[in-house]
Amino acid sequence: MTKEFQRSDGRKIDELRPITAKVGVVPNADGSAMFAFGDTIAIAAVYGPKKMHPQHEQDPVKGTLRCTYNMLSFSVSDRIKPGISRRSVEISKITEWALEPIIMIDKYPNMVIDVHINIIQANASTRCAGINAAAMALAHAGIPMRDLVSSVSIGKLDKQLVVDVSKHEEDWEEGEGATDIPITMTSKGEITHMQLDGKISIKQLKEAIEIARESTKKIYEIQKKALKEFAEEEKND
Amino acid sequence: MTRQIVIPGEVIFAGEDYLPGEGTEKRKNEIISLIYGLAEESGKLVKVIPLSGVYHPRRGNVVIGQVENVTFNGWVIDIDTAQTAFLPLMEVPRYVNKEGLEEVMDIGDMVVAKIFGMSKRGIDLTIKLRGLGKINEGIILKINSNKVPRVIGKEGSMINLIKENTNCNITVGQNGIIWIKGDKVEDELLAKKIILFIAEKSFISGLTDEIKKLIEKEK
């Protein structure tokens, strides 16, 4: 492509929206964090490890990670019906799968770790913001983890790959339309989650993964900084 | 010795010189932190102390709990952990009639106990040492278990300061449950107020001086 691709909000193709990350936002939770991609704000609260109830769901071999993704009714311009929906159940499960590989869940038999993710403001990439917040909240809860995960959504607008899609871009209709690819990676670039609905060539998908690798690195640094800053405040002897 | 803040997956030390301790893992020749907390190195052993999260029971910890159930051979104690704790009849330092376990401790009673064993099935408690046993009177309060080291202070400096100034006997359970026993209710309430102040303002510098000021004001 000869002409520079123009994004609706004037960002460069590999530019993330301004990120805010904060740890310890929910005082009553065992661990909590806030993560925002521009207008998309997610709050994650971790409770546990605690005894699994109901008892028949207890697993004596390893613990259970239970994620609940919830979009608050006022998070979008048209009020959405509160409560669980087909979409929220799917994203909850996806979040569990994205986080499970890094958590040393086998240390907590018969126990459950509850992760509640609330989207208080949505402008696309909510699941990515949710996963990022959840990873930080789990670390804050003192749960042993192999690594931290960072998530980013890669979009294909017509034929152009862009980083961190916004709602406006998600509704792109020109040419091939918009394809959204949320990808979650560890700090070493191992993929723990990838979703894709739409059309993309294998070559371009590989390209998208490489772009995600670069972007998650940036996100990881921000998550790391937020965790360290919080500890610094708490530590002061 | 310096302490550094680490996050999960972060390399603490590289090279073959160090041994992985609690909260760490060795991958190839790097010591990697598994938890979010402060990394400490002593005698080549590297360990990470968590800063937050729920209470993780350890062998040797003195804890305070509530009797949840009475069984034919002991008591099930709730010590605010995911695993259930059990105090067997054998670990009570006096003769107990097998028919009347409730007479020693009944459901709802509070007890100071020590963790002497931990297995996959649960936590085993004992009250065979001095200072352990059923609580009969006083005030019980609960703070975040991560604040316990602050309440105790360096080598017990903080807790001794409170004890001296309030004439109360204070037992701090590692699980964050605290038992205050004094001669007068006013003393007990003052001790409670000071402890809650520490738990809330644990991050401020010069905490000991602040506490001294608070004691002066209250007297």
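Which side chains of chain A and chain B meet in a salt bridge? They are A:Lys228 and B:Glu10, with N and O 2.9 Å apart. A salt bridge here is a side-chain nitrogen of Lys or Arg within 4 Å of a carboxyl oxygen of Asp or Glu.

This is a predicted model, in which local features need pLDDT of at least 70 and side-chain atom pairs count only at pLDDT 80 or more, while totals for chains, interfaces and linings use all residues. Residues are numbered from 1 along each chain as its sequence is written, chains are lettered from A and ligands numbered from 1 in the order in which they are written, and side-chain values use heavy atoms, with hydrogens and water left out.

**Where the two chains meet**

- Chain B brings 27 residues to the contact and chain A brings 33 residues; contact means heavy atoms within 4.5 Å.
- The size of an interface is often given as the accessible area lost when the parts come together.
- Between chain B and chain A, about 2,500 Å² is buried, and carbon and sulfur atoms give 57% of that area. Buried area is the accessible area (1.4 Å probe) that two parts lose on being put together, summed over both.
- Look for B:Ile5, B:Tyr36 and B:Ala82: they supply 23% of the area that chain B buries against chain A, more than any other three residues.
- The interface of chain B and chain A holds 7 residue pairs in polar contact, with both residues at pLDDT 80 or more. A polar contact is a pair of N or O atoms within 3.5 Å; within protein, one must be able to donate a hydrogen and the other to accept it, and residues adjacent in sequence count only if both atoms are side-chain atoms.
- On the side of chain B that touches chain A there are 11 nonpolar, 8 polar and 8 charged residues. Ala, Val, Leu, Ile, Met, Phe, Trp, Tyr, Cys and Pro count as nonpolar, Asp, Glu, Lys and Arg as charged, and the others, Gly among them, as polar.

**The salt bridge between the chains**

- The count between chain B and chain A is 1 salt bridge.
- B:Glu10 and A:Lys228 form this salt bridge. B:Glu10 sits in the loop between β1 (4–6) and β2 (11–14) of chain B and A:Lys228 in helix α4 of chain A, so the pair joins two chains. Helices (H or I, at least four residues) and strands (E, at least two) are DSSP runs, numbered from the N terminus.
- B:Glu10 counts as buried, at 11% relative accessibility, whereas A:Lys228 is partly exposed at 23%. Buried means under 20% relative accessible area, exposed over 50%, and partly exposed in between (1.4 Å probe, protein chains only).

**Other salt bridges**

- Over all chains, the structure holds 27 salt bridges.
- Side chains of opposite charge can pair when their charged atoms come close.
- A:Lys156 pairs with A:Glu176 in a salt bridge, their closest N and O atoms being 2.6 Å apart. This pair links distant parts of the chain, 20 residues apart: A:Lys156 is in strand β6 (residues 149–157) of chain A and A:Glu176 in the loop between α3 and β8 (178–186) of chain A.
- A:Lys156 is buried, with a relative accessibility of 2%, while A:Glu176 is partly exposed at 46%.
- In chain B, B:Lys213 forms a salt bridge with B:Glu210, with the closest N and O atoms 3.6 Å apart. Both lie in helix α5 (residues 207–218), 3 residues apart, about one turn of the helix.
- B:Lys213 is exposed at 55% relative accessible area, and B:Glu210 is partly exposed at 28%.
- A network of salt bridges links A:Arg7, A:Asp9, A:Arg11, A:Arg17, A:Asp164 and A:Glu169.

- A:Thr216 belongs to helix α4 (residues 202–235) of chain A and is buried, with a relative accessible area of 4%.
- A polar atom of the A:Thr216 side chain lies 3.1 Å from the backbone oxygen of A:Arg213.
- Not counting residues up to four places away in sequence, A:Thr216 touches A:Ser150, A:Ser151, A:Val152 and A:Met185.

**Chain B as a whole**

- Chain B has 5 helices and 16 strands.
- Of the 219 residues in chain B, 48% are buried.
- The C-alpha trace of chain B spans about 60 × 50 × 25 Å along its principal axes.
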